[in-house]
Amino acid sequence: MRHAVWTDFRGVLTPPLREGLRAYCADKEFTPGQLGRCLRAIADRHGSPDGMAVLDSGLLTEREWAAEIERELAGRFGVEADLSRVGAEWWSDRRLDDEWLAALRTWRAAGIFVGMISNLPADWKEHFAGFAPWDGLFDEVLLSCDLGTRKPEPAMFRLAESRSGLPAGANVLVDDLDDNLAGARRAGWTGVPGGGGATRAAIARIDSLVRFGAPDHLVRTGAPDQGVAR
């Protein structure tokens, strides 16, 4: 069977979220645990699955989101914090998982369809665009802020299938979040945990799925050097 491999961005191509939170909080007045509790409270208040969903779904702008975090930190922990530069500071950590990046390049060079699906706030699109030279790495890049849908919503997976040109069962999502993997599986996809310590296992799993090295099972249906999705 032919396959399309779709990777998440934050937490799979980059260090895991917990590691990113530790790096972000290293010089702050609050701890990763305190920030996590504030994000959970904000998610619950807005009926969102997590603290990032209120941002990448467009419920809040970055400034509104940051202001709510500031209020939560003050009310819960007595911490007076300034998160006015939260986006720029968060995106200053520009590390990528070189092993995973190399695997993506190897698969794509062999003809496998390779795409990215990211839940990305509109306010952070400029940071994402300048993060790395994405052109030539992916056949498609699907960003929630461009499309009006996000993982784990079914519409995101249906759209990705149309871009890969392959049926649901031939598409694979590699993600670090259980909710996103569960959404992919409900859509008929294969969901593979990835990121951090799961990187090598994910590479081995995908190699076995695409039967790497067998020409009859290699495919690319997208344009060779497409950039960010339209």
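**Cores and helix packing**

Me: Which residues touch the most other members of the largest nonpolar core?
Reply: A nonpolar core is a set of buried Ala, Val, Leu, Ile, Met, Phe, Trp, Tyr and Cys residues joined through side-chain atoms within 4.5 Å. Buried means under 20% relative accessible area, exposed over 50%, and partly exposed in between (1.4 Å probe, protein chains only). The largest core has 51 residues, and those touching the most other members are Trp 100, Trp 107 and Trp 134.

Me: The model is predicted: local features need pLDDT of at least 70, side-chain atom pairs count only at pLDDT 80 or more, and totals for chains, interfaces and linings use all residues. Numbering starts from 1 along each chain as its sequence is written, and side-chain values use heavy atoms, without hydrogens and water. Which residues of α11 meet α6?
Reply: Helices (H or I, at least four residues) are DSSP runs, numbered from the N terminus, as are strands (E, at least two). Contact means heavy atoms within 4.5 Å. Helix α6 (residues 98-109) packs on helix α11 (residues 199-210). From α6 come Glu 99, Trp 100, Ala 103 and Trp 107, and from α11 Thr 199, Arg 200, Ala 202, Ile 203, Ile 206 and Asp 207.

Me: Are α6 and α11 roughly parallel or roughly antiparallel?
Reply: Axes are lines fitted to C-alpha atoms, for helices over the stretch in contact, with angles from 0 to 180 degrees between N-to-C directions. Under 35 degrees counts as roughly parallel, over 145 as roughly antiparallel, 65 to 115 as roughly perpendicular, and the rest as oblique. For α6 and α11 the angle is about 15 degrees, with the axes 10 Å apart. The pair is therefore roughly parallel.

Me: Is the crossing of α2 and α4 left-handed or right-handed?
Reply: The axes of α2 (residues 32-46) and α4 (residues 62-77) come within 9 Å and cross at roughly 115 degrees. A crossing is left-handed if the near helix is turned anticlockwise from the far one by less than a right angle, and right-handed if clockwise. α2 passes α4 in a crossing that is right-handed.

Me: Is Ser 144 buried or exposed?
Reply: Ser 144 sits in helix α8 (residues 144-147). Beyond four places in sequence, Ser 144 contacts residues including Asp 56, Asn 119 and Arg 150. Its relative accessibility is 5%, so Ser 144 counts as buried.

Me: How far apart in space are Arg 2 and Ser 208, C-alpha to C-alpha?
Reply: Arg 2 lies in the segment before β1 (4-7). In sequence, Arg 2 and Ser 208 are 206 residues apart. In space, C-alpha to C-alpha, the separation is 12 Å.
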